[in-house]
Amino acid sequence: MEIVIASTPEDAARIVADRFEQAIAAAGEKGITLGLATGSSPVATYQELIRRHQAGGLSFAHARAFLLDEYVGLPRAHEQSYYRFIRDQFTAHVDIDDAGVLSPNGEAADPVAAAAAYDAAIGEAGGVDLQILGIGSNGHIGFNEPTSSLSSRTRVKTLTRRTVEDNARFFDTVDQVPVHVITQGLGTIGEARRIVLIATGEGKADAVAAMVEGALSAFCPASSLQLHPAVTVVLDEAAASKLE
Ligand code: F6R
């Protein structure tokens, strides 16, 4: 794992945006498949990418994207659906073709089948070239909660109480947070050719230390990234504060 410690969250976002820009430039007209996370961690990166796009230097015209996860049962139009979140926070503000921004279908009558179909669609598209990740305070990536199989595929999961409470800040009450999600599995995420994880703030420090310096264990799903040959972890000083 490559560990980059930035002085501020803003610097961390710029460093991640640099990785995106380099990968997009290297892919050229052949195009790139991006893996996009939601949640608060990548928002500053998305804002920086939007800024660079609007300044004229960065185009997503040859990019497509797969989201990591989606709530089950939340309509796509709901402002907290990840379908809507990624459009509001990122893709509607750049020149990516919206039809190429795909997410698990949390409204499907059969979410189990929808999850399997999504996993297959990623493979059929040739896989993800560059995946951005955040990390949950309990070490989850995507919504692979502790004890998730290290080789899991895209599937339906139940959120832990801690994750529901962490995400309640985006809803009016904790009861409104869906408890079921469709998430790419740890095996699916691990097939991305390059991964950049961003974590900022002291609340992520324990999870970051477990991911980077702890044992490879399903109790810390992010530790599965130790097996990946091309992972960069971009931290601010607070998130890095519990590293040895
Ligand atoms: C979001 C996702 C989650 C978040 C994690 C951190 O698509 O897959 O793993 O990255 O819950 O959330 P924030 O960034 O809100 O602290």
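Reader: Leaving aside neighbours within four places in sequence, with which residues is Ile141 in contact?
Author: The structure is a predicted model, in which local features need pLDDT of at least 70 and side-chain atom pairs count only at pLDDT 80 or more, while totals for chains, interfaces and linings use all residues. Residues are numbered from 1 along each chain as its sequence is written. Two residues are in contact if their C-beta atoms, placed from the backbone, lie within 7 Å. With neighbours up to four places away set aside, the contacts of Ile141 are Leu133, Ile135, Ile189, Pro221 and Ala222.

Reader: Is Ile141 buried or exposed?
Author: Ile141 sits in the loop between β6 and β7; strands (E, at least two residues) and helices (H or I, at least four) are DSSP runs, numbered from the N terminus. A residue is buried if 20 or more other C-beta atoms, placed from the backbone, lie within 10 Å of its own, exposed if 12 or fewer, and partly exposed in between. Ile141 has 30 such atoms within 10 Å, so Ile141 is buried.

Reader: Where does Thr147 lie, and is it buried or exposed?
Author: Thr147 lies in the loop between β6 (130-133) and β7 (155-158). Its count is 10 other C-beta atoms within 10 Å, which means that Thr147 is exposed.

Reader: What is the phi of Thr147?
Author: Most residues other than glycine have a negative phi. Thr147 is not a glycine, yet its phi is positive, at about 85°.

Reader: How many C-beta neighbours does Gln226 have inside 10 Å?
Author: Gln226 is in the loop between α7 and β10. Gln226 and Met1 are 225 residues apart in sequence, but 6.6 Å apart in space, C-alpha to C-alpha. Beyond four places in sequence, Gln226 is in contact with Met1 and Leu216. Gln226 counts as partly exposed because its number of C-beta neighbours inside 10 Å is 16.

Reader: What is the C-alpha to C-alpha distance between Tyr82 and Asp69?
Author: Tyr82 belongs to helix α3 (residues 82-89) and is buried, with 24 other C-beta atoms within 10 Å. Among the residues that Tyr82 touches, those up to four places away not being counted, are Thr38, Leu67 and Asp69. Tyr82 and Asp69 are 13 residues apart in sequence, and their C-alpha to C-alpha distance is 7.3 Å.

Reader: Which strands are included in what covers the buried residues of α7?
Author: Helix α7 spans residues 205-213, and its buried residues are Ala207, Val208, Ala210, Met211 and Val212. The cover over these residues includes β1 (2-6), β9 (194-199) and β10 (231-236).

Reader: How are helix α1 and helix α2 placed at their packing angle: parallel, antiparallel, perpendicular or oblique?
Author: Helix α1 (residues 9-27) packs with helix α2 (residues 43-54) at about 55°, their axes being 8 Å apart; axes are lines fitted to C-alpha atoms, for helices over the stretch in contact, and angles run from 0 to 180 degrees between N-to-C directions. Angles under 35 degrees count as roughly parallel, over 145 as roughly antiparallel, 65 to 115 as roughly perpendicular and the rest as oblique. The angle therefore makes α1, relative to α2, oblique.

Reader: Which residues come nearest to the ligand?
Author: A residue is near a molecule if its C-beta atom, placed from the backbone, lies within 6 Å of it. There are 14 residues around the ligand, and those that come nearest are Thr38, Gly39, Ser40, Ser41 and Gly134.
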